[in-house]
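Here is a briefing on the chains of this model and on one interface. Please read it with the structure open.

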Amino acid sequence: MKAEDVRVCVVRIEGTNCEDEMANAFEMVGAKSEKVHLKQLLGQCDPSLKRSLEDYDILAFPGGFSAGDYVRAGAIFASRIKAGIGKDIRDFVDAGKPVLGVCNGFQILVELGLLPALDGTMSEEPTAALYNNDSGRFECRPSILRNDNRSKCVFTCDIPKGELLYCPSAHGEGKLMSNIPNFVSKLEENDQVVFRYVTPDGGRATYPWNPNGSPGDIAGICNPAGNVMGMMPHPERVMTAYTMDDWTRGHRSEDGDGKRIFTSVMKYLSKK
Amino acid sequence: MTVIDIRIELKKGVADPEGTNTKKTLESLGFKGIQSVKSVKMFEIELDMPEKEALAAGEEYCKKLLANPVVQSYKVTLK
Amino acid sequence: MTADERMTKRNAPYDLCDIRIRDASDKELEDISSALSLGLSLDEMKAVKDYFVKEGREATDVELQSLGQAWSEHCCYKSSKPVLKEFVFGIDREDVLSRGDAGVMVFDDDYGYALRVESHNHPSAIEPYGGAATGIGGIVRDVICMGAQPIGLADPLCFGYPDRKGEMPQGIKHPRYLMSGVVSGIRDYGNRIGIPTITGGFFFDESYTGNCLVNVCCLGIVKRKDLLNNFASAPGEVMILFGGRTGRDGIHGVNFASKDITATSEDDSRGAVQLGDPITKEPVIHACLELAQKHLVTGMKDLGGGGLSCVVGEMAIEKGFGADVDLEKVPLKETGLAPWEIWVSESQERMMCTCKPENVDKVMAIFDLWDIIATPVAVTTDTGRTRLFWNGEKIFDMDIEFLTGGPVYNRPYTMPKVSTKADERFPELPALSEVILKLLSDPNVASKEWAIRQYDHEVRAGTVLRPIVGKLNKGGPGDASVLMPVPGRWKGLAAAVGCNPWFTKANPYRGGMASLDEAFRNVVAVGARPNAFTDCLNFGNPEKPERLGEFREAVHGIGDFAKELNIPIPSGNVSLYNEAPGGVHILPTPMIVCCGLIDDVRKAVSADFKKTGSLLFLVGRTADEMGGSLLFRKFGGEGGEVPATDVKRLKDSSDRLLKAMDEGLVLSCHDCSDGGLAVAVAEMCISGDVGAELDLSAMDCPNDNVKLFAESTSRWIAEVDGKDVTRFTEIMGDAATPIGLTKGNALVIKGTDVEIPVEVMRAAWNDPIWNIMGGGAQ
């Protein structure tokens, strides 16, 4: 598949607010992205605006405060999707098409049951939660992520395992919890851990390097098939080096570290 | 009309930063003797159905939307 | 006759009173004003009476309430306008694109940027969370009304000391409570609508205890071809009200903002404080921008102070039109509102647009996609009058010129007495190291990370320089923040806050200048060229001659500074009557935001020392000007000369510094403000995690205290690599003085016993506010 043929659906509802930069990020790696309101997928709009999920190659859930984060972060967005186009989403994932959720988007994927989905595509009920940061506060600060995925995740296929990326965090609810016993080691076994928070020298992260207290310092995970990934930090905010926090202190390239995630998924699709 | 109260609270063992921070702040304002502060969330829902059905409906609302079973428990009562 | 007896309830299916005003005596006019909470003075009521005599009929309550709104200080600037006219209006430059609800300046050939700051002081003092949140909502609307995408927020805040001990005056909330609530309000609103909070400021002084200041600033970016007007372009256009519903919240908000806070304010004024709804606002942003881009509307305006009563008249009168309003069509939050309540309600999240009749359907379709309530409520006419109808029955018919004209006052003022060297009393100081650490830990200097990290300062992915700069999770204070507003273009917009209320108190003229100077030099410090100012002038009761004198002189200083540099002030806001119960007035606080442009953000300079072995320069001159300094406030000094600003010299040295930066000769740069040179260098050490060895012998000053702690304006510290020193000094001429080098991991000052490890300075600077406000991980 050629890059310019890749069509990205950046889906939003009221309160989604990182869709512009998410759409730009995909454009910057050559894809065509479109910001689509959920109502357009549900058909609750003028017929000329109606869109169908199957026309897209990548589905992206951007960050924000969808529906005000009322009830629970991501819960309202997720239940509207489930009720309206639950089957379409499941088909999309089963077809192996990449799905990315960042920040609130990650929360939505978890509420939808698409992550961690240890035993399949989509669980009936959420089996994990992204819960209040240990600090009890919204935390906007630099994070360093290590790619811990062995091979599975399509969003890191072009990033060597163990490589460190700078990626900013900005969330109040990012602590990944689950009632599944031995949750973290199960994710490990399944190769579902994608990113971990670490210190700048790659060491074990404590606060503030792990901004939310996630067990196992987990920042991002994928589904068992590797085509659905959710992460709390924002790669779409660091597509150039010059939006990275400490770029004035030296940087290795003109590109920002976040771009690696977008080039990875494009590389994956180029082989399809 | 039937009115139900839905009380969503954190499961035992789930940290409650909002409660903890609130406790700290109250203490910093000089209030004494506070043993613990727990944050809970309440919804009051008016329904046009008999009580028994309303309670059952409340349970469904919790399962489908209002509570995440990983961290939250819920209780539906008549108001 | 009592006021009650003058009011007759109309026999109609809605709640309306006719008010007999034409034969009212002076006393009775005052009674009417008071009974209806109009906030109008006797002279104003007499003018109203004359108007109805001329019209040959009595008034309705809707009409009187409308006048009460339109003639409030908040809406018509009746005390401040003559002063603004005399000193600051009229700096015209051809790159000013608009002076509408927000100012708009040229950004590049295709884009303009919008800027505006305003106050939300009184509501925030009563209910800090909702007050601050709705403040953000209002300022964002002002930017959207220009057709501009909001791209950044800046929130300068003033409180009493958050660790204030002792009894609080009655009716006054503790500064820590207010600060916590205000920051939460800004966080929740700003973060939820997805606009980064990129800069701001905290100013702590006992005088703000009873009257905190919450100033909110929004920046935006707009394609020049999509720039909107804030008014109708022709008669016959349809006015569409959209956004939130109308309720009783915020009734009489503007009259409240134009009065001092009193001990009973909380109970009296609940109605004037409102809750914001960011999730209504966020779709509104999308819809408005789409309307602007598709050129479907002719004008757009936010419903702020005075609600519908102000917006309808203002949108109609700009080009001399009138408007006919069907008031019963306004969507309500609750039933039973009287027409006058609907007309003056200040419910949040509401806006008005005007469009050609043939475009109404297209406009409504866009609102529908975003689930935004929108209702055509009025039509513009060629009558020059506003007429209100309730199901066809006329309840209001007034000349808009009269209604929006408003009174103007040249109130008496006294020239303030200024602080001088002659009355200086220099304080006794502990050892220099202790002085430096104490200054670093003063709340006015100490790290504001507690607040900054709660604000998303990089949503929209365009933030190049942040409020905290330097080593990751170990940074120090930045100067201006820098945004890259147009994806794919390296051109940058810098923004910084400046204000020195203590200078302004001690010498209003110099303080006004110094406040602009601070904002200006912050922008220069990052390598951007200052391009425009916006100001929020927070002062006391203008009916007191001393307070008005402070206001006049501060505005005089601001005008002289801006005119000399030919930098426009395309928008601004005045907040008067900032006084607490018992007449405690705030420090005069001219809050300034400066915007600057930088052609290539990749050349931006941050304030953290980059390495050891670089040479340090002081740019600018230091004089014996200790008046109003942090050193004096901290250690009990009195009097002293307040820093004067030589605008010509500022222009010369900033031009040179920007040239050096453009050539890539400056590794880091930081302005000298509170605490002077000593604090500036210490902050650069903290953020860079690098020490410095200072040798101040080349400075032309009477003594070390002046060299280290004077707060003379127009100064920066610059770090320059040894290989670039020749070229740097060639550019700078005598504007730069060598003061030492970066070295080791401590701050050392030659000829003194100062040797403070960077870690010790970091703890002194970093911890105080965290300790007061609490937080951190458990």
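In chain A, 73% of the contacts with a separation of 6 or more come from residues 24 or more positions apart. Two residues are in contact if their C-beta atoms, placed from the backbone, lie within 7 Å. This is a predicted model: local features need pLDDT of at least 70, side-chain atom pairs need 80 or more, and totals for chains, interfaces and linings use all residues. Residues are numbered from 1 along each chain as written, while chains are lettered from A and ligands numbered from 1 in written order.

**Chain A**
- Chain A holds 6 helices and 11 strands. These are DSSP runs numbered from the N terminus: helices are H or I with at least four residues, strands are E with at least two.
- Its C-alpha trace spans about 55 × 40 × 35 Å along the principal axes.
- Of its 272 residues, 63% are buried, meaning that 20 or more other C-beta atoms lie within 10 Å of the residue's own.

**Chain C**
- Chain C has 27 helices and 31 strands.
- Its C-alpha atoms fill a box of roughly 85 × 55 × 55 Å along the principal axes.
- Of its 778 residues, 63% count as buried.
- Of the chain C contacts between residues at least 6 apart in sequence, 83% join residues at least 24 apart.

**Interface of chains A and C**
- Contacts link 37 residues of chain C with 38 residues of chain A.
- On the chain C side, α9 (175-193), α12 (278-293), α15 (360-369) and β17 (463-465) each supply at least two residues.

Methods
A residue is buried if 20 or more other C-beta atoms lie within 10 Å of its own, exposed if 12 or fewer, and partly exposed in between; C-beta atoms are placed from the backbone.
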